[in-house]
Each structure stands twice: as structure tokens, then as C-alpha cells.
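I opened my notebook today to look up a few things in one structure. Here is what I wrote down, entry by entry.

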Amino acid sequence: MILFDPHDNDWLKNKFHYYQQLRKQKNLYFSEKYKMYVLTKYDDVFYALSNPKLFSSSKGNLIVEDSKRFGKTLGASDNPIHDIMKNIVIDAYSKSNLERISNFYKNKLLEFLTGSIVNLTEVVHRTTSYAICELINLPYDKEKISNLIYKIQTESNKCVNDGTDTSYNEFRDIVTYCLSKKIPSSESGIYHSYLNNNPKNFPALSLFTGPTISGASSLSGAIQFLILDLYRENQIQTLLAYKNLIPDSINESLRFNTSTGRFSRTVTQDILISNTNLKPGDRVALCLDSANRDPNRFSEPDKFKINRDDGRHLGFGYGLHACIALRISKTLMKVFLESILDNFGSYKIINTNDDLNYLITSSGNNDLITNLVMKKNMMLQIS
């Protein structure tokens with residue numbers, strides 16, 4: 001039986017069932033399809049994330065990798081390269097820039113949250129594209145850039161590997177043009193930080209392309225799962241009554257359904273994990289979404305508990321490679337949820353669980369739903 005296949009829609013729908021079986025196995029499961037060992041227990045995944053020298057990212061962090069990425073992206077690099085790239089753009093993730101983007105995002109949401117029935121997937125992709133556009137903040141036509149980011153998101157099964165998608169190529173060419181001309185920018189964002197914090201011209205085009213692919217899909221997936229989780233777990237009325245619990249509900253949703261569920265690493269020395277001898281060069285899949293449902297770490301892990309206080313979840317990673325955009329992602333998730341509650345009240349998700357379709361990305365890292373639709377609370381509409 002194949003217990004690990006994140007490129008299969010049915011597996012994605014039932015992944016927590018498969019993860020239960022994997023966590024019960026005495027030894028690590030080896031995936032013949034992906035040629036890697038699969039780590040599903042919390043302690044194993046946490047250990048790997050906490051020891052980047054033993055579990056290297058320099059040979060990639062995607063389930064399906066391309067050597068063109070090695071050492072050229074935040075995710076596919078070790079120190080010192082990782083910190084060099086991170087420090088180039090760290091200013092773009094500052095508190096002040098976060099406030100600017102979240103205010104813009106809140107206003108943009110009002111343009112899309114209209115009507116009694118809303119294609120939530122479409123709204124999430126569109127508004128996330130605008131937010132990522134503001135984060136990057138190129139001195140270029142914003143509508144053009146946001147449309148390209150939207151296409152990259154919705155065609156993400158094609159564009160993880162460099163040079164395979166026309167939207168990705170066009171976006172990359174625009175970035176290259178702006179950088180080559182050194183078009184000045186006084187506004188905060190990745191472009192501004194890149195120009196001002198990269199005196200040695202360290203080649204890191206991925207600092208622009210990464211947010212349009214993995215960044216956008218991670219945020220879009222997290223928002224969709226948040227809205228879906230609250231509906232399926234009957235938590236909407238609680239949040240309508242106690243909006244101070246919104247940050248806790250976001251935190252629990254990141255544990256309950258981790259949108260970027262899996263990363264890969266390469267072992268650098270002999271090590272024993274879960275009764276399995278790993279050798280240098282072995283590839284491993286770190287299943288954060290499984291670790292976050294491990295009953296040895298979390299009490300009643302398959303229940304959604306807003307006030308959960310029994311441990312650190314691994315949504316958005318941990319350690320050296322913890323997501324640089326975690327704070328901005330949580331902020332935008334909060335803005336989105338508040339807008340939904342204010343405009344839709346106790347909304348309803350029209351899709352049944354069996355109706356949901358998942359986007360199968362070529363990386364195998366992200367989970368995205370392609371057909372989530374919600375309905376407004378008509379009582380709220382009348383009042």
C-alpha cells in the first residue's frame with residue numbers, strides 16, 4: 001500500500017488517515033516513488049528542523065526538487081548563504097511595512113466580498129496576489145504584477161521549476177529589468193530592501209520569485225483552511241461572540257491544517273531515527289502536518305481547540321528555516337477572518353468534504369483547495 005503520495009488528490013483528502021498509519025510504524029516508511037524516508041512523528045520532525053547541520057537544505061527543501069534551486073533560495077540553502085539572503089530583505093518584513101500592507105489588504109478585500117455567494121478560492125487567490133505585490137513593491141504597474149502573481153498561484157503545478165511557466169518567466173523578466181536599470185524606489189518592500197541592503201550584488205532573484213510561488217500559495221492555503229476549519233468545527237458563533245479569540249483560532253488552524261505541510265532535507269551524517277539508520281545523502285520528508293496531529297504531543301489532536309495550550313505547533317516551520325513571513329501571514333489571516341465575520345456573519349461552506357478538490361503542486365509541499373465556495377448568513381444580510 002502506498003502511504004505517502006502528496007501528488008494524489010485522494011491521498012490529500014485522506015492524508016490524516018495515512019499519517020495515523022505512518023506514525024504507528026516502528027521504522028520510518030520509505031517512499032519508492034519519491035526516494036525518501038518519511039518523518040511523521042512530532043519528535044522526529046522537530047529534531048530535524050532543530051538541527052540544520054544534520055538535516056541540510058542545501059540540496060533543496062521541496063518534495064520534488066530541481067538542482068537549479070540549490071543554494072539560490074532561502075529554502076534551499078544553509079548558512080552562511082541563508083542568512084545573507086535573509087538579511088537582504090528583512091526590512092521588507094518590518095512592523096511598519098506590515099501595517100502598510102495589512103491596511104491595503106483590508107481595503108482590497110471589501111472590493112471582493114460582495115454578493116450572497118462568494119467563490120472563496122478566487123477571492124483568496126486574488127487578494128493574496130495583491131498583498132504579495134505590495135510586499136515585493138516593484139516600481140512597475142501594480143495591476144500587471146498582481147495579475148501575474150495570480151496566474152502563478154493558480155498554475156502553481158507548472159511553475160515551481162524555473163522556466164516552465166510563461167507567467168513566471170514574465171514576472172522574472174520584469175524583476176530583472178527593474179534591477180538592471182536600478183529604477184529607484186522610496187517605498188518599503190522587497191525591491192527597496194534588495195537595492196539598499198545588497199551592496200555586493202549577491203545574486204538572489206529567488207527573493208522575488210519565492211514569495212510569488214511558495215509564499216502566495218502558503219498564505220492562500222492557510223486562509224482557505226482557516227475559513228473551512230471554523231465552519232466544519234462549529235466555531236463561528238464563538239468567534240462572533242468573542243472576537244478576542246481570533247488570534248488563538250488562527251494559531252489552532254495552522255496546527256490543525258498546515259497549508260505548507262511538508263519539506264524535504266538531506267541527511268549529512270549517520271543517524272538513527274525511529275529505529276531506522278539514515279546515511280549521508282539520504283533524503284527525508286518532514287511532514288509538519290502529521291507532526292501537528294501527533295497524539296504523543298497534542299491531546300485530542302484531531303479536535304479543533306481554540307484555547308489549546310499543550311505545545312508548540314510546527315505550522316510555518318521552526319528553527320533556521322522558520323518562515324520569514326510568519327508574522328505578516330498571521331496578520332493577513334486575521335484581517336481576512338475579521339472581514340468575513342463582519343460581512344458574512346455565521347457563514348456556510350457550500351461544498352461537502354467529498355466535493356473538495358485539491359491542487360496537486362509539482363513541489364509536493366503545499367495543499368490548496370481549488371473550489372471552496374461560501375454563502376452569506378441571510379439573517380445578517382436582512383438586518
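**Entry 1: the cysteines.** I began with Cys133, which counts as buried because its relative accessibility is 2%. Keep in mind that I am reading a predicted model. Next I wanted to know which cysteine sulfur is closest to that of Cys133. I found the one in Cys178, 11 Å away, which is too far for a bond. I then turned to Cys178 and noted that it is in no disulfide, its nearest cysteine sulfur being that of Cys133. Cys178 is buried as well, since its relative accessibility is 0%. A reminder to myself: a disulfide is a covalent bond between the sulfur atoms of two cysteines. The cut-off I used is 2.5 Å between the sulfur atoms. By that rule I counted zero disulfides.

**Entry 2: a histidine.** I located His17 in helix α2, which covers residues 15-24. I also checked a distance: the C-alpha atoms of His17 and Thr73 are separated by 33 Å, and the two residues are 56 apart along the chain.

Entry 3: In soluble globular proteins, nonpolar side chains tend to be buried together. Then I looked at Phe208 and skipped its neighbours within four places in sequence. Its contacts include Ile136, Leu138, Phe171 and Val175, and also Tyr191 and Tyr194.

**Entry 4: a sheet.** In what order do the five strands of the open sheet come? I read β1-β2-β8-β5-β3, and the pairing is mixed. The edge strands are β1 (29-31) and β3 (55-56), and each pairs on one side only. I followed β3 to its partner β5 (residues 262-267): the two pair in the antiparallel sense, over two bridges. Within that pair, Phe55 has Val267 of β5 as its bridge partner. Last, I looked at helix α3 (residues 42-50), which lies across β2 (36-39), β3, β5 and β8 (283-287). Helix α3 runs at about 115° to β8.

Conventions: Residues numbered from 1 in each chain as written. Predicted model: local features only at pLDDT ≥ 70, side-chain atom pairs only at ≥ 80, totals over all residues. Heavy atoms only, no water. Buried < 20%, exposed > 50% of the residue type's maximum accessible area, 1.4 Å probe, protein only. Helix = DSSP H or I, 4+ residues; strand = E, 2+ residues; numbered from the N terminus. Contact = heavy atoms within 4.5 Å. Pairing = 2+ DSSP bridges. Axes fitted to C-alpha atoms, helices over the stretch in contact; angles between N-to-C directions.
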